[in-house]
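Please look at the sequence and the model shown here. Some questions and answers come after it.

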Amino acid sequence: MIQLLLLDDPRLAQSLADYLASRGVRCELRQSELGTALWLADASRLAEAESEVTRFLREPWHPRYAEASWRSGQADMRIDYSAGSPSLLAQFLLQAGPLTLTLLLLCLLVFGLQWLFGRTLLDWLGFYTSWEALGGWQLWRMLTPALLHFSMLHLLFNLLWWWYLGGMVERTRGSGKLLTLLLAGAVLSHLLQFALVGPYFGGLSGVVYALVGYVWLQGRLNRRPELAIPDALFGFMLAWLVLGFFDVLGSATANLAHLGGLLAGLLLAGLDGRRVSGR
């Protein structure tokens, strides 16, 4: 038996199992507090099963899966939908993938180290202090300002959005896509903030805005309910960005980093959207 997938929605897991069964690929469903796992019975069908799982993750609400359950005639007979309800911790972990959780823990670790090492750590992880230093060997400085946070509220606000949006991208598009957004959002936001304001900034907000832009535009381009945020939420984040430029938020914000991240996310979403429509 080979585990193919773990889902927090047992009905979605059941519909995928029914669809695979209609194609002659037999799977077994097993429940735990982490969710519902789909196990492949015949290892010789692994390549076909993995291909179908990839397609399912792109469009889990496609009618083909519900139709397969209806045709099976026993959609509610093989699994207890009230059993195995995930705990709060399990739900938190199910929302996030390995990269989402790794960066979240890294930000928490760096925040704790800031209290111990103070200015020394800021000097080591901060952005380049001059254009001349930009071409040097300390390439980590292009990314590490995203790990620095200067208050608990600043940290929690960014990590909540990272967990929610980063987890959404990683679950639906994979860790590679999330890594691309992380790198592009961090580099573009940091360069723009440095070029127009200066080197003294930090926080994951630029990356968060890259995720906001990417998820919102992808949802509109591809009509994907599993990768989308409401227009009202996008409007709120846009208003927050604009208000930052007028110094009405009561604290210093890296406004150009936010703008740079948003532009990076929108650009990547547009490029991905064009690839999808061109297939």
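Predicted model: local features only at pLDDT ≥ 70, side-chain atom pairs only at ≥ 80, totals over all residues.

Local features need pLDDT of at least 70, side-chain atom pairs count only at pLDDT 80 or more, totals for chains, interfaces and linings use all residues, and side-chain values use heavy atoms, with hydrogens and water left out.

Reader: Which word describes the angle of α7 to α9: parallel, perpendicular or oblique?

Author: Helices here are DSSP runs (H or I, at least four residues), numbered from the N terminus. Helix α7 (residues 152-173) packs against helix α9 (residues 205-222) at about 40°. Angles run from 0 to 180 degrees between N-to-C directions, along axes fitted to C-alpha atoms over the stretch in contact. Under 35 degrees counts as roughly parallel, over 145 as roughly antiparallel, 65 to 115 as roughly perpendicular and the rest as oblique, so α7 is to α9 oblique.

Reader: How are the ring planes of Phe157 and Trp240 arranged: stacked or edge-to-face?

Author: Rings of Phe, Tyr and Trp (its six-membered ring) pair if their centres lie within 6.5 Å; planes under 30 degrees apart are stacked, over 60 edge-to-face, the rest tilted. Phe157 and Trp240 have 5.9 Å centre to centre and 20° between the planes, which makes the pair stacked.

Reader: Is Phe236 buried, exposed or partly exposed?

Author: Buried means under 20% relative accessible area and exposed over 50%, with partly exposed in between (1.4 Å probe, protein chains only). Phe236 has a relative accessible area of 43%, so Phe236 is partly exposed.

Reader: What separates Phe236 and Trp240 in helix α10?

Author: The two residues, Phe236 and Trp240, lie four residues apart in helix α10. Their separation is therefore about one helical turn.

Key: Residues numbered from 1 in each chain as written.
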